[in-house]
Amino acid sequence: MPSRHLGSFSNPLENILTDQAIIETRNLSYSYPGEISALSGVDLDIRPGEFLAIVGSNGSGKTTLVKHFNGLLKPSQGHVRIDGLDTRSTRVSELSRIVGFVFQNPDHQIFAYSVWEEASFGLKLHKLSAEAVEQQTSEALRAVSLYALRDRHPRALSRGQRQRLATASILALNTPVLVLDEPTTGQDFLSRRQIMELAVELHAAGRTVLMVTHDMALVAEYATRVIVMREGAAICDATPKEVFENDEVLESTGLDLPPVAKIARGLRAYGISETTLTQSELVETLITALRH
Amino acid sequence: MPTIDIQYFKEESFVHRLHPFTKILFEISVLVIAAAFNEPLFLAVVILGIIGVAVLARIPARKFRYMWVLAYIVLFMVITQGVWFTSFGDFGDITVDFEWRTLFHLWPAWAPGGPRIPVILQGANYGFSLGLRVVAISLAFPILVLTTHPSDLTRFLSQVRIASWRIPYNFIFVFTTAFRYIPTVSREFDQTLDAQRSRGVHFGGYNPIRQIKVLTTLFVPVLTSSLLSAHDLTLALETRAFGAPTERTFIHEVHWRRADWGVTALLIIIAVACLVLANSFGYGVLPYTPQRNF
């Protein structure tokens with residue numbers, strides 16, 4: 001990806017210093033109408049500046065959980081507060097200024113005739129000045145390297161590009177929190193890496209990033225905190241390392257270890273007990289072990 | 001927005017076992033009976049009967065949840081008929097004694113130039129019955145689709161022949177596929193709604209021009225993806241030799257049972273009885289409506 005212009009994305013940085021949770025759920029339970037409960041008693045505090053991964057098998061309640069973070073779903077029991085606002089009494093359109101939500105399927109949102117129009121749509125809704133719209137839209141489009149294609153019809157883009165366009169349209173809103181629902185599903189290796197690099201940069205620039213994913217390699221490499229969901233409950237809330245060391249959790253949820261962690265496991269028999277999460281960590285551990 | 005979930009579901013019930021023709025006859029008799037009466041009380045009984053059939057078919061109530069939108073249709077009918085009913089003019093020879101009763105005025109007395117635009121009780125009543133007709137038909141229709149396997153319906157329709165003419169299979173396919181896609185499109189609609197709300201689109205404001213603009217953000221993605229999936233469907237059909245010039249066979253054979261004779265006879269008797277009651281004796285027909293012509 002070309003050079004990025006994340007200048008104005010950095011204002012949420014000051015939030016990092018505060019300890020106040022930006023997303024807070026208390027005893028959150030939810031059941032879909034006429035069905036059994038999809039979430040039960042979830043208590044979470046998500047602080048500004050976290051890079052959070054939400055993992056778990058299909059139907060474990062991951063998407064149901066994150067849909068509470070911008071008020072798309074209202075809790076059946078308990079409550080959810082976003083930056084102090086109760087989601088029950090706040091409009092989704094208002095919460096959309098705090099929490100940006102990128103959906104898995106970009107085709108559910110793309111309706112405009114050009115890339116530019118699509119990306120700037122949300123900003124126009126928030127009634128920003130023409131210059132601000134211009135500036136934030138260009139920044140967002142540059143961040144996903146679609147600026148050169150701004151006059152194209154969205155249908156003329158590839159699936160990966162459309163996913164990035166959907167991401168840009170949310171990025172442009174400049175929200176302090178960003179929720180990515182399975183951002184890398186169906187993407188080739190290159191686009192997957194681009195999306196992750198973007199998420200990492202946004203996180204580095206001070207945004208809170210929440211990611212729903214099945215991709216354990218991503219979790220190992222990028223997340224600072226992992227929440228494991230099973231049957232509607234958050235059964236584990238820890239660092240990636242702790243999760244990958246917790247056999248009970250891994251077994252009961254059927255999570256697969258990332259390849260590097262698998263190799264590290266294989267090395268346990270040889271007296272190397274460190275659970276490594278990235279390639280460089282593994283190399284370092286091996287070299288240290290060999291030297292001794 | 002509740003998802004419209006009218007897709008066949010497997011269940012061992014009396015209604016499920018009936019022949020598709022019997023169920024189509026049920027739909028037709030509901031149409032006939034609902035058209036015969038226009039008194040709210042009679043239509044309410046018809047609706048209760050339909051609910052009885054739904055219970056017999058063990059259809060869970062949540063499948064009908066989306067029907068609350070019909071409340072708006074009923075309300076719309078009540079108000080429009082309440083206002084305009086008396087202005088239809090020619091009522092023919094109405095022999096019954098009655099007088100128009102004004103419920104209230106849309107333009108109230110305290111407003112300048114008021115009171116104007118009266119809402120007439122009889123009109124509102126007639127509007128209510130028109131609304132109930134819509135409710136009755138909308139309730140009955142999903143029963144056919146929910147309790148009949150799509151391929152049984154296809155099978156039945158392909159058996160229909162008048163002399164040497166048959167319903168072309170393409171038409172039958174379009175017909176049955178359309179039903180199959182209602183829930184899919186409805187789900188698509190919900191997901192689009194979520195995606196647009198997440199980026200700050202507010203649905204349901206008071207500015208009508210803005211609402212039209214906002215609705216394009218819903219309909220464009222839904223229509224586009226429907227067209228694209230229709231295109232995918234044609235490809236999937238081609239690869240499975242759709243339209244191959246051989247006689248089609250079906251895994252499921254649908255059988256006409258003794259119960260079907262019974263239900264058919266019962267439906268015809270009920271429908272004819274209702275027609276006679278309404279047209280010859282005037283039961284279930286409001287006295288001040290043109291339908292009452294004897």
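This report describes the fold of chain A in a predicted model and its contact with chain B.

## Basis of the description

Residues are numbered from 1 along each chain as its sequence is written, while chains are lettered from A and ligands numbered from 1 in the order in which they are written. Because this is a predicted model, local features need pLDDT of at least 70 and side-chain atom pairs count only at pLDDT 80 or more, whereas totals for chains, interfaces and linings use all residues.

## Chain A as a whole

Chain A has eleven helices and ten strands, where helices (H or I, at least four residues) and strands (E, at least two) are DSSP runs numbered from the N terminus. Along the principal axes, the C-alpha atoms of chain A fill a box of roughly 65 × 45 × 35 Å. The radius of gyration of chain A is 20 Å, which agrees with the value near 19 Å that a compact globule of 292 residues would have; the radius is taken over C-alpha atoms, and the globule rule is 2.2 Å times the number of residues to the power 0.38.

Of the 292 residues of chain A, 44% count as buried, a term that requires 20 or more other C-beta atoms within 10 Å of the residue's own, with 12 or fewer making a residue exposed, values in between making it partly exposed, and C-beta atoms being placed from the backbone. Among contacts in chain A between residues at least 6 apart in sequence, 67% join residues at least 24 apart, a contact being two residues whose C-beta atoms, placed from the backbone, lie within 7 Å.

## The six-stranded sheet

Six strands of chain A form an open sheet with mixed pairing, in the order S6-S7-S8-S3-S9-S10; two strands pair if DSSP finds at least two bridges between them. The edge strands, each pairing on one side only, are S6 (99-102) and S10 (233-238) of chain A. Neighbouring strands of this sheet are turned by 20° against each other on average, direction ignored, with axes being lines fitted to C-alpha atoms, for helices over the stretch in contact, and angles running from 0 to 180 degrees between N-to-C directions.

## Helix H6 and what covers it

Helix H6 (residues 189-204) of chain A has 16 residues and reaches 22 Å from its first C-alpha to its last, close to the 22 Å expected at 1.5 Å a residue, the expected span being 1.5 Å times one less than the number of residues. In H6(A), the residues A:Ile195, A:Met196, A:Leu198, A:Ala199, A:Leu202 and A:His203 are buried. They cover an arc of only 155° around the axis, which puts them on the same side of H6(A); the arc is that of the directions from the helix axis to the C-beta atoms.

On the other side of H6(A), A:Phe189 and A:Leu190 are exposed. What covers the buried residues of H6(A) includes strands S3 (51-55), S7 (177-181) and S8 (208-212) together with helices H4 (130-143) and H7 (216-222) of chain A. H6(A) is followed by A:Gly206, whose phi is positive, near 110°.

## Strands S1, S4 and S5

Strand S1 (residues 23-31) and strand S4 (residues 77-82) of chain A pair in the antiparallel sense over five bridges, and A:Ile23 stands opposite A:Ile82 in S4(A). S4(A) also pairs with strand S5 (residues 85-86) of chain A, in the antiparallel sense over two bridges. In the hairpin of S4(A) and S5(A), which has two residues between the strands, A:Asp83 takes a positive phi near 50°.

## A:Phe103 and the contact with chain B

A:Phe103 is found in the loop between S6 and helix H3 (115-125) of chain A, and is buried, with 24 other C-beta atoms within 10 Å. Not counting residues up to four places away in sequence, A:Phe103 touches A:His108, A:Gln109, A:Ala166, A:Asp181 and B:Ala195.

The contact between the chains takes 18 residues from chain B and 21 residues from chain A. Helix H7 (169-198) and helix H8 (208-239) of chain B each supply at least two residues of the side of chain B that touches chain A, and the largest share of that side, seven residues, comes from H7(B).
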